[in-house]
Amino acid sequence: MTRVIHTGDTHIGYRQYHSSVRRRDFLEAFEAVVSDAIESDVAAVVHAGDLFHDRRPDLPDLLGTLSALRRLDDAGIPFLAIVGNHESTRHGQWIDLFERLELATRLDDSPTVIEDVAFYGLDHVPASRRDDLEYAFDPHEADHAALVAHGLFEPFAHADWDTETVLAESDVDFDALLLGDNHEPGQATVRDTWVTYPGSTERASASEREGRGYNLITFADDVDVRRRALETRPFVFVDVELRDGEGATRVREQLRQHDLTDAVVIVEVTGSGEPVTPAAVEEAAVEDGALIARVTDRREIDDEADVEVSFADPDDAVRERLADLDLSPAAMDVDETVRSETIADSAVRSTITDRLEERLEAGELAATTSPAASPDGTETAGGTAPEPATDATADGPNAADASGGSQASMEADDRDSTEQDDQASMEEFR
């Protein structure tokens, strides 16, 4: 019998609502998973991608992550992980740095055997390159096998991966698919194989109302999937339907029925009634103890023609629009630099120049990349085109929320831009 924790979508470094407190919350949620792993003495922690929220995590987030991984290492618990779309870089992946430090193992098409389970990994693969995948995995001699992957798989919401195809074409019979990318937890069976998401460890958008947690998975005669809850920052959701003649006063009355202390407060206004000024309601909530308050007047949104954008964080609306534009990686770099809160206004121009020069020198502005090829010339399941390794610390150390049941408006944050970035193979660092 082998017990492991299956987690993912920790999004460490996400400064949600531009709040440094929320940014710390995401790291603390990951630290809580590590603490539970040590207390429960599991055989491994398996992370299904998006450890970080973006490709350039800040130093405090890196140091906090390293500290948590050292705690696992000191307890003798392996950390197994793959690369998600949010954190994927062109020249190197952070998980490879952690592997070099002997604090993590990056899963790929070769088995990593923990007790009696062989774990394999499939990094995030853009939809445009999936048709070329060959699900070729090295054989194993363990009692069980699990594939860890990052993407939106059937039969779950917003799916764009054909799970049956993955299982049918793989040359390893998997007992379980341990997935990341969908922020809502879920379990299903496909071709007699468990397919499960643990959900995100913190609420990354206002659409994620249910509590956060992770999976505890036991491989024995059968695969047993149990969900464990995490204690995270409280979110208070206040839905107010106004009748004729009612307005901000009614909204505030509804707020007073809740304990707002240190909570993120999400207010949605529907119905008829009078116009509501969001700023005034948000200020009242903060005065009553809320950490952050956001008000959405659905009556205004419904009046606009078929616009599905969450205004809980203005950056989400901007990112969704940018994703629709299908910009190049260079253009996304420019946007990221201009809107970055960590780059001084006076340094924006020089930073953009430096990044574009780097891409130009690397030939990235003039050429597209090709899929990673296996020795027989076909692309393998575990990665995409390797590039010559240059500076291992250039973007990170080495290379590899739409509404509804997944990430809500955050889902589009980096997906299209990172789909343009190659995830280099493990050979670059070995």
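Predicted model: local features only at pLDDT ≥ 70, side-chain atom pairs only at ≥ 80, totals over all residues.

**Helices side by side**

Two packed helices are described by the angle between their axes and the distance between the axes.

- Let's start with helix H1, which spans residues 20-40, and helix H2, which spans residues 59-74: they pack at an angle of about 5°, and their axes are 9 Å apart.
- Angles under 35 degrees count as roughly parallel, so H1 and H2 are roughly parallel.
- On the H1 side of this contact you'll find Arg 23, Leu 27, Phe 30, Glu 31, Val 34, Ser 35, Ala 37 and Ile 38.
- They meet Pro 60, Asp 61, Gly 64, Thr 65, Ala 68, Leu 69, Arg 71 and Leu 72 in H2.
- Sorted by class, the residues where H1 and H2 touch are 9 nonpolar, 3 polar and 4 charged.
- Next up are helix H5 (residues 248-255) and helix H6 (residues 278-287), packed at an angle of about 25° with 10 Å between their axes.
- H5 and H6 are therefore roughly parallel to each other too, and their crossing is right-handed.
- Here Val 251, Arg 252 and Leu 255 come from H5, while H6 brings Ala 280, Val 281, Ala 284 and Ala 285.
- That contact between H5 and H6 has 6 nonpolar residues, no polar ones and 1 charged.

**A space inside**

Rolling a probe the size of a water molecule over the atoms shows where empty space is left.

- The largest cavity has a volume of about 90 Å³.
- Which residues line the largest cavity? They are His 47, Leu 51, Phe 52, Phe 79, Ala 81, Ile 82, Val 83, Glu 87, Gln 93, Trp 94 and Ile 95.
- Strand E3 (79-81) and helix H3 (94-100) each give at least two residues to this lining.
- By class, the lining of the largest cavity has 8 nonpolar, 2 polar and 1 charged residues.

Most residues other than glycine have a negative phi, and most peptide bonds are trans.

- Take a look at the loop between strand E8 (144-150) and helix H4 (163-169), where Pro 155 is found.
- Glu 154 and Pro 155 are joined by a cis peptide bond, with omega at about 10°.
- His 158 lies in the loop between E8 and H4 as well.
- The phi of His 158 is near 60°, a positive value in a residue other than glycine.

Notes
Residues numbered from 1 in each chain as written. Heavy atoms only, no water. 1 Å grid on protein atoms, 1.4 Å probe; cavity = no way out; pocket = protein on both sides within 12 Å on 5 of 7 lines; lining within 4 Å. Points joined across faces, edges and corners; volume = space filled by probe spheres on them. Helix = DSSP H or I, 4+ residues; strand = E, 2+ residues; numbered from the N terminus. Nonpolar A, V, L, I, M, F, W, Y, C, P; charged D, E, K, R; others polar. Axes fitted to C-alpha atoms, helices over the stretch in contact; angles between N-to-C directions. Parallel < 35°, antiparallel > 145°, perpendicular 65-115°, else oblique. Left-handed = near helix turned anticlockwise from the far one by under 90°. Contact = heavy atoms within 4.5 Å.
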